Amino acid sequence: MINIPKGTKDILPDTSFKWQYLEDIARKITRLYNLKEIRTPIFEHTELFERSVGETTDIVNKEMYTFLDKGGRSITLKPEGTAGVARAFIESLSNSAMPVKMYYITPAFRYEKPQAGRLRQFHQFGVEVFGAAEAQTDAEVIMLAKDFLEAVGINNLRLDINSIGSGEDRKKYNQILKDYLNKNINSLCSLCRDRIEKNPLRVLDCKKDSCKAVLTDAPKTIDYLSAQDREHFESLKSILDDNNIKYTVNPYMVRGLDYYTKTVFEFLPANTLSSQETVCGGGRYDNLIQSLGGKPTPAVGFGLGLERLLLVLENSDVVIQDPNQLDVFIALTDKIPINTAIKLAMDLRKAGISADYDQMNRSLKAQLKYADKQGAKFCITIGGDEIQSGIYPIKNMQNGNILKVAQQDIIKTLTKELKII
Ligand code: ATP
Ligand code: MG
């Protein structure tokens with residue numbers, strides 16, 4: 001017996017409709033904002049993630065699925081969506097009309113300790129806009145995420161925003177943060193002690209309580225922004241205010257990836273203190289394209305975890321209806337040849353009505369039980385009397401009502417009835 005790998009999940013036929021529901025809404029909302037889909041490979045050269053996500057991040061240090069292929073190349077399963085899209089932009093899209101606005105829906109792979117909302121294969125809906133440097137694009141991306149969450153049925157998430165600056169001012173801040181952390185080095189975990197020199201901003205992202213305690217008085221990035229970055233942050237806030245989008249400025253939010261500059265944001269459950277439950281995280285990453293060898297190109301985007309979103313939906317008691325339930329099951333009494341059901345089913349399917357019938361030569365009782373299990377909306381039972389009279393009973397499985405209809409009127413009647421329910 002071979003079991004499913006740890007940290008992965010089958011999306012079984014009785015839940016796949018929930019995924020289709022989220023994907024349909026993602027496609028609908030991104031279309032409203034004039035974004036087009038991009039699909040990049042599941043695996044990339046390992047170096048792409050080392051250079052973009054960053055060598056000091058948890059993802060690159062301990063979470064990547066990396067292997068040598070048969071040609072001896074180091075390959076990594078994508079741990080997030082942005083790096084591959086950035087690579088594709090540099091390779092194929094950098095001469096397009098700007099901005100280039102894209103979205104993706106993709107599995108992602110991280111070797112993590114599996115727990116609720118934390119898997120080794122998970123799924124992200126993400127958005128990337130390349131070429132636009134202004135704050136309205138940060139706002140667009142945030143408003144898109146919010147519209148998506150609301151369309152899905154969620155309006156109890158809080159929005160945290162912050163600016164982590166850029167360029168020289170970021171370097172200046174890093175030095176001030178380093179000094180502060182060095183003063184408190186004895187209270188930090190060993191990993192964070194290590195991070196002080198390599199990437200002090202990462203310490204702000206540590207989930208250990210002892211480190212969090214040190215950070216309550218740490219210097220804030222927003223107090224060290226350049227005039228330009230401060231103005232950018234102020235414009236973003238004013239656009240959000242004008243559009244009645246509530247947010248909290250969280251001065252210690254830095255996000256888990258190295259490539260962010262200026263704006264960072266997260267959508268997370270209102271009452272949580274733990275970033276463990278972040279549903280959507282994003283921000284601006286103006287240096288990423290250049291650091292991967294492309295022309296300097298500003299960019300902003302987000303990644304949204306679909307498993308975490310489904311958890312929030314469950315906790316908010318939002319019920320998603322399965323839209324794929326069978327329209328009609330055709331049941332036959334034992335003397336009627338199966339060809340009768342096949343013929344009718346094929347006619348119904350041509351008319352856009354989903355139809356099924358017995359595939360296993362079972363008794364009428366067993367057929368009806370199966371129809372019920374399938375959640376069939378209607379059932380037509382055909383016996384000798386029906387064949388002789390040409391009148392068929394269409395049973396509404398929800399209320400038990402039966403409509404008796406001439407054979408040639410079945411499609412017309414069902415089309416009408418299916419619109420009503
Ligand atoms: P966390 O701090 O929770 O580890 P992160 O900072 O690593 O998240 P990102 O890299 O920004 O997360 O990924 C974007 C989103 O993808 C997260 O907000 C979350 O919803 C989802 N996500 C990240 N890692 C996992 C995982 N292992 N399993 C399921 N969803 C995940
Ligand atoms: Mg993580």
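## Terms and model

A residue is called buried when its relative accessible area is under 20%, exposed when it is over 50%, and partly exposed in between. The model is predicted. It holds 24 salt bridges.

Side chains of opposite charge can pair when their charged atoms come close.

## A pair within helix α3

K62 and D58 form a salt bridge, with their closest N and O atoms 3.9 Å apart. The two residues are four residues apart in helix α3 (residues 58–63), so about one helical turn separates them.

D58 has a relative accessibility of 29%, so D58 counts as partly exposed. K62 is also partly exposed, with a relative accessible area of 48%.

## A pair within helix α6

In helix α6 (residues 167–183), D169 and K172 are three residues apart, about one turn of the helix. They form a salt bridge whose closest N and O atoms are 3.7 Å apart.

D169 counts as buried at 18% relative accessibility, whereas K172 counts as exposed at 52%.

R87 forms a salt bridge with E44, and the closest N and O atoms are 2.7 Å apart. R87 belongs to helix α4 (residues 82–93) and E44 to strand β2 (residues 43–45), so this pair ties together parts that are 43 residues apart in sequence.

The relative accessible area of R87 is 22%, which makes R87 partly exposed. E44 is buried, at 7% relative accessibility.

## A network

Salt bridges also link D138, D229, K262, R284 and D286 in a network.

Technical notes:
Residues numbered from 1 in each chain as written. Chains lettered and ligands numbered in written order. Predicted model: local features only at pLDDT ≥ 70, side-chain atom pairs only at ≥ 80, totals over all residues. Heavy atoms only, no water. Salt bridge = Lys/Arg side-chain N within 4 Å of Asp/Glu carboxyl O. Buried < 20%, exposed > 50% of the residue type's maximum accessible area, 1.4 Å probe, protein only.
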